[in-house]
Amino acid sequence: MKYISTRGSAPALNFEEVLLTGLASDGGLYVPEVLPRFTHEEIASWAGLSYTDLAFNVMFPFVEGSIPESDFREMLRDTYEEAFAHKAVAPLTQLDRNEWVMELFHGPTLAFKDFALQLLGRLLDYVLEKRKEHVVILGATSGDTGSAAIEGCRRCKNVDIFILHPHNRVSDVQRKQMTTITGDNIHNLAVEGNFDDCQQMVKESFGDQSFLEGKSRLVAVNSINWARIMAQIVYYFHASLALGGPHRSVSFSVPTGNFGDIFAGYLARNMGLPINQLVVATNKNDILHRFISENKYSPEVLHHTLSPSMDIMVSSNFERLLFDLYGRDGKALSELMESFKTDASVSIDDYRWKAARKLFDSFTVDDEQTCRTIKVVFDESEELLDPHTAIGVEAARQCRRDSSVPMVTLATAHPVKFPEAVEKSGAGVTPELPHHLADLFEREESYTVIENSLSAVQGYVKAHGNHNKAL
């Protein structure tokens, strides 16, 4: 399979090249040239498969030609049968009639990012060993990506990992999950800024890698990396098949800031999965909600909320949806993305926006309502939600188009990662760390507070990377 840039002028790449490239040379994001599409009969035949076997069926077309079938199956077995604590991998819990949450927090770092980043580490190990190449992972996290990336990639022999997080703007559990994993190749940087600052520095570094002096190259672990999106497509098929798909449609509500997780659902639908509705659930940082509901894409002041993983104002993966809405016209999309840099508010053609509205709805939930929803759901079902999942459930209940269609909210993190929100909810229960993390708060931390400066970050990476080690 070949991958093309959303901005139209970068060369097409194969999967192995896309895995190691991150941003395209023209500043765009890579997407498949042609999506695989499965028939109703093919999808129906997958009912009852293990998560590993389903993952192979969904993902192998994306890597075919770069990774042999037997090797890819082995990576998937190592990922989903070894690294996840629940045998179902992504179990569904019922909240009410035709209302479910899909628990995506049974991986080693208790967040949905494990589904992609545990696999990404194995993919990198395989490809880099084959190429005898060394790379630098440079990523930004609003809370969960960092720990999942470090956990997934820390054993990769040919990788240095540098993760930026906004200083004092992630939860204690999120921070400690990153900063208590030590190794010569692991570097945690607490940036004196917000997540968007971190993300922008990562993007600029990918755009000009000269600071590495040709000794290595950057690899993305953020959701701009296609492998992240690819792995997330699978659990939409998994939920649908568990609830009667493809013979019936299913709807999904997705707490999202960077648009990657819900974009995976959009792709699943385009690959043949019957999806009735996708709900974009946001917190007070509601740029995606304003676009979906009003056709206005306008960055505003970033707010610090009880759902910090969604404290994002610039949604990287949104460009991938816009590419489709613009008929995959890279030149037109490039012009639109340039206008975002100068215009305070951007709208797209009405007919393009209405095309998106056929599938997407959205809702924004503030901290007060988030806490109320945590308590209401716990009182109704004794299911304790983290604040991001609570936003998803509330958005689902507010936007649901058809109560006869199963509605699945993606439970993106374990509630123990956000004790402040759980306490403020008044649910009267304290979430506990699972046994493999029971001693987390006793572990020694290691991280460096660094100024909010591109030169400072790049200087640190240059000074501390093992770029010259023998392969």
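Okay, let's start with two helices: α12 (residues 318-325) and α13 (residues 330-342) pack at an angle of about 135°, and their axes are 9 Å apart. Helices here are DSSP runs of H or I with at least four residues, numbered from the N terminus. The axes are lines fitted to C-alpha atoms over the stretch in contact, with angles running from 0 to 180 degrees between N-to-C directions. That angle makes α12 oblique to α13; oblique is what remains after under 35 degrees (roughly parallel), over 145 (roughly antiparallel) and 65 to 115 (roughly perpendicular).

Quick word on the source: this is a predicted model, where local features need pLDDT of at least 70, side-chain atom pairs count only at pLDDT 80 or more, and totals for chains, interfaces and linings use all residues. Residues are numbered from 1 along each chain as its sequence is written, and side-chain values use heavy atoms, leaving out hydrogens and water.

So who's touching? On α12 we have Glu319, Leu322 and Phe323, and on α13 Gly330, Leu333, Leu336, Met337 and Phe340, with contact meaning heavy atoms within 4.5 Å.

Next pair: α9 (residues 226-242) and α10 (residues 260-270) come within 8 Å and cross at roughly 60°. That makes α9 oblique to α10 as well.

Now the core, meaning buried Ala, Val, Leu, Ile, Met, Phe, Trp, Tyr and Cys residues joined through side-chain atoms within 4.5 Å, where buried is under 20% relative accessible area with a 1.4 Å probe, protein chains only. Which residues touch the most other members of the largest one? Out of 112 residues, they're Tyr80, Phe237 and Phe360. Helix α9 gives this core its largest share, 12 residues.

Technical notes
Buried means under 20% relative accessible area, exposed over 50%, partly exposed in between (1.4 Å probe, protein chains only).
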